[in-house]
Amino acid sequence: MSSAPYIVGNWKMNGTRALLAEARAINRAAARYPGVQVALAPPFTLVQSLADEAQAIGVGGQDCHVQPKGAHTGDISAPMLADCGASFVIVGHSERRKDHGEDDALVKAKAEAAIEAGLGVIVCVGETLEERDAGQAEAVVSQQVDNSLPALEAIADLPAGKVSVAYEPVWAIGTGRVAEVADVVAMHKAIRTRIEAAYGEKAAGVRILYGGSVNAENAAALLAAEGVGGALVGGASLAAESFAAIIAAAGTEPVD
Ligand code: PGA
């Protein structure tokens, strides 16, 4: 179902077990929209519970280490995520790039480690406000795509839909300032060109998601935009009501 809209909630460092009630409600909402692929990336502490309880959605991690195991205190590996029920992992989120100094080469290695462990992967890219104001947005993002995506050899045998790119302009994340639809369309087109250069015909199986202040009000316009294959949603994924509205905005018919 790689052409289905892919709506992914990123809970970031939010959520104790009390938030599992929201996840159950999100699961029920997702079950009503079989034409939408819905997923949640909770903190590591909730991955297993969520995977056990929410069968209609994919469950993923927000990061993984490049090694499968070893002396890396505090880190979690891709096989560990897979072992507790995760089916994908987000890598290269701008908060990790900034807070943990992650560069494109590390993000690429993490993406390849995830694939090696059988996980799908969402690779995040996006420019800062300074870079956009300097007219460098497309160049910056293109370079991130070129250098952060897993190598063609790593994805050659994967079914469509296992690799996604999330375009998340840093200035739109958690700010309430959403990118203009025309700018999103232009950037997704540029990203698609880079993916095609890297993957050739395999590029057709890669969805490009938009992320950055997606909410119940703006989701329909963003998700209907050319080249937008889904959304990576932060704040609005923490409550079932707003996240369900985004799932509904993906434009497929509900079942009752
Ligand atoms: P936001 O976060 O929806 O709260 O802006 C998006 C993200 O960082 O993935």
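What follows is a walk through the barrel, the helices packed around it and a few individual residues in this predicted model.

The barrel comes first. Eight strands close into it in the order β1-β2-β3-β4-β5-β6-β7-β8, and the pairing is parallel. On average, and ignoring direction, neighbouring strands of this sheet are turned by 25° against each other. As a general point, strands of a sheet pair through backbone hydrogen bonds, either parallel or antiparallel. Residue I7 takes part in both pairings: its bridge partner in β2 is V38, while in β8 its partner is A231. Strand β2 is largely enclosed by the rest of the structure, because four of its five residues are buried.

Next come the helices that pack against each other. In general, two packed helices are described by the angle between their axes and the distance between the axes. For α1 (residues 20-31) and α2 (residues 44-53), the angle is about 35° and the axes are 10 Å apart. Their crossing is right-handed. From α1, the contact uses L20, A23, R24 and N27, and these meet L46, S49, L50 and E53 of α2. Sorted by class, the residues of this contact come out as four nonpolar, two polar and two charged.

A second pair is formed by α7 (residues 137-148) and α9 (residues 181-199), which pack at an angle of about 35° with their axes 9 Å apart. Here too the crossing is right-handed. On the α7 side the contact is made by A137, E138, V141, S142, V145 and D146, and on the α9 side by M187, A190, I191, R194 and I195. That gives seven nonpolar, one polar and three charged residues in the contact of α7 with α9.

Helix α5 (residues 104-116) lies across β4 (88-91), β5 (120-125) and β6 (163-167), and runs at about 165° to β5. In helix α11 (residues 240-248), the buried residues include A240, F243, I246 and I247. These four sit on the same side of α11, because they cover an arc of only 130° around the axis. Among the elements covering the buried residues of α11 are β1 (6-10), α1, β2 (37-41), α10 (219-224) and β8 (230-233).

With a relative accessible area of 0%, L50 is buried. Apart from neighbours within four places in sequence, L50 is in contact with W11, L20, A23, L40, P42, I57 and V59. By contrast, the C-alpha atoms of L50 and A221 are separated by 30 Å, and these two residues are 171 residues apart along the chain.

Finally, two loop residues have backbone angles to note. K12, in the loop between β1 and α1, has a positive phi of about 50° although it is not a glycine. S213, in the loop between β7 (207-211) and α10, also has a positive phi, near 60°, and is likewise a residue other than glycine. S213 counts as buried, because its relative accessibility of 17% falls under the 20% cut-off.

Methods:
Residues numbered from 1 in each chain as written. Predicted model: local features only at pLDDT ≥ 70, side-chain atom pairs only at ≥ 80, totals over all residues. Heavy atoms only, no water. Axes fitted to C-alpha atoms, helices over the stretch in contact; angles between N-to-C directions. Left-handed = near helix turned anticlockwise from the far one by under 90°. Contact = heavy atoms within 4.5 Å. Nonpolar A, V, L, I, M, F, W, Y, C, P; charged D, E, K, R; others polar. Buried < 20%, exposed > 50% of the residue type's maximum accessible area, 1.4 Å probe, protein only. Arc of directions from axis to C-beta. Pairing = 2+ DSSP bridges.
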